[in-house]
Amino acid sequence: MEVKEVLFMNKGEGESSYFQNSSFSQFLAEKSKPVLEKAVQSLLKENSVPLHNVFSVADLGCATCPTTFSVMATVIETTKNITCNQLAAVVTLEFQFLLNDLPVNDFNTLFKGLSKFVNGEKYKDVSCFAMVVPGSFYGRLFPRNTLHLVHSSYSLCFLSKVLFTN
């Protein structure tokens with residue numbers, strides 16, 4: 001059996017779920033927030049994302065934890081700050097978040113959180129679309145030239161091999 005078929009996080013929102021036990025990945029996301037902000041700023045300042053288009057962001061290995069929503073919030077807030085404060089532009093930018101994880105992970109809990117995030121009061125003035133892209137990032141997940149930013153909090157460590165030496 002392949003790793004992608006057996007590797008998954010505990011489902012739901014219960015006491016032993018990944019949703020409730022993801023504080024370390026949330027801590028890492030908070031620590032790396034300035035790097036994400038800088039990447040978004042760079043994309044907007046270099047006109048890699050025209051302000052009248054869709055800002056397409058993929059989150060690889062998003063799982064079901066709150067980290068996913070903090071990444072989305074960082075992208076939105078950074079964009080709003082730049083477009084309103086620095087570029088003095090009328091923003092018609094829409095956000096498309098493509099949330100990727102293995103098909104065996106708990107997308108139902110993710111959908112519940114997405115509904116609260118996208119339809120919540122805080123971002124009611126933002127055109128935000130979120131889609132789930134189940135599959136392994138070892139293969140191709142997205143069409144060419146469709147992403148502006150690809151983010152991964154913690155899943156890229158699975159691209160490495162552990163080497164044992166004597």
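Are phenylalanine 95 and phenylalanine 97 buried or exposed? Both phenylalanine 95 and phenylalanine 97 are buried, where buried means under 20% relative accessible area, exposed means over 50%, and partly exposed covers what lies in between (1.4 Å probe, protein chains only).

A word on the model: it is predicted, so local features need pLDDT of at least 70 and side-chain atom pairs count only at pLDDT 80 or more, while totals for chains, interfaces and linings use all residues. Numbering starts from 1 along each chain as its sequence is written, and side-chain values use heavy atoms, with hydrogens and water left out.

**Overall layout**

The chain has four helices and four strands, and from the N terminus they come in the order α-α-β-α-β-α-β-β. Helices (H or I, at least four residues) and strands (E, at least two) are DSSP runs, numbered from the N terminus. Of the 166 residues in the chain, 36% are buried. Take the contacts (heavy atoms within 4.5 Å): among those with a separation of 6 or more, 79% join residues 24 or more positions apart.

**The cores**

A nonpolar core here is a set of buried Ala, Val, Leu, Ile, Met, Phe, Trp, Tyr and Cys residues joined through side-chain atoms within 4.5 Å. The largest one has 27 residues, and Phe55, Val75 and Phe97 have the most contacts inside it.

H3 gives the most, with seven residues. A second, separate core of five residues includes Ala58, Leu60, Leu98 and Phe142.

What does valine 75 contact, leaving aside its neighbours within four places in sequence? Valine 75 is in contact with Leu36, Val40, Phe55, Val57, Phe95, Phe97 and Leu149.

**The aromatic rings**

The structure holds two aromatic pairs. Rings of Phe, Tyr and Trp (its six-membered ring) pair if their centres lie within 6.5 Å; planes under 30 degrees apart count as stacked, over 60 as edge-to-face and the rest as tilted. Phenylalanine 95 and phenylalanine 97 are stacked because their ring centres are 6.1 Å apart and their planes at 10°. Ring pairs link Phe55, Phe95 and Phe97 into a cluster.

**Valine 150**

Over in strand E4 (residues 149-151) you'll find valine 150, which counts as partly exposed because its relative accessibility is 48%. Valine 150 touches Ala58 and Leu60, not counting residues up to four places away in sequence. Its C-alpha atom is 6.0 Å from that of aspartate 59, although valine 150 and aspartate 59 are 91 residues apart along the chain.
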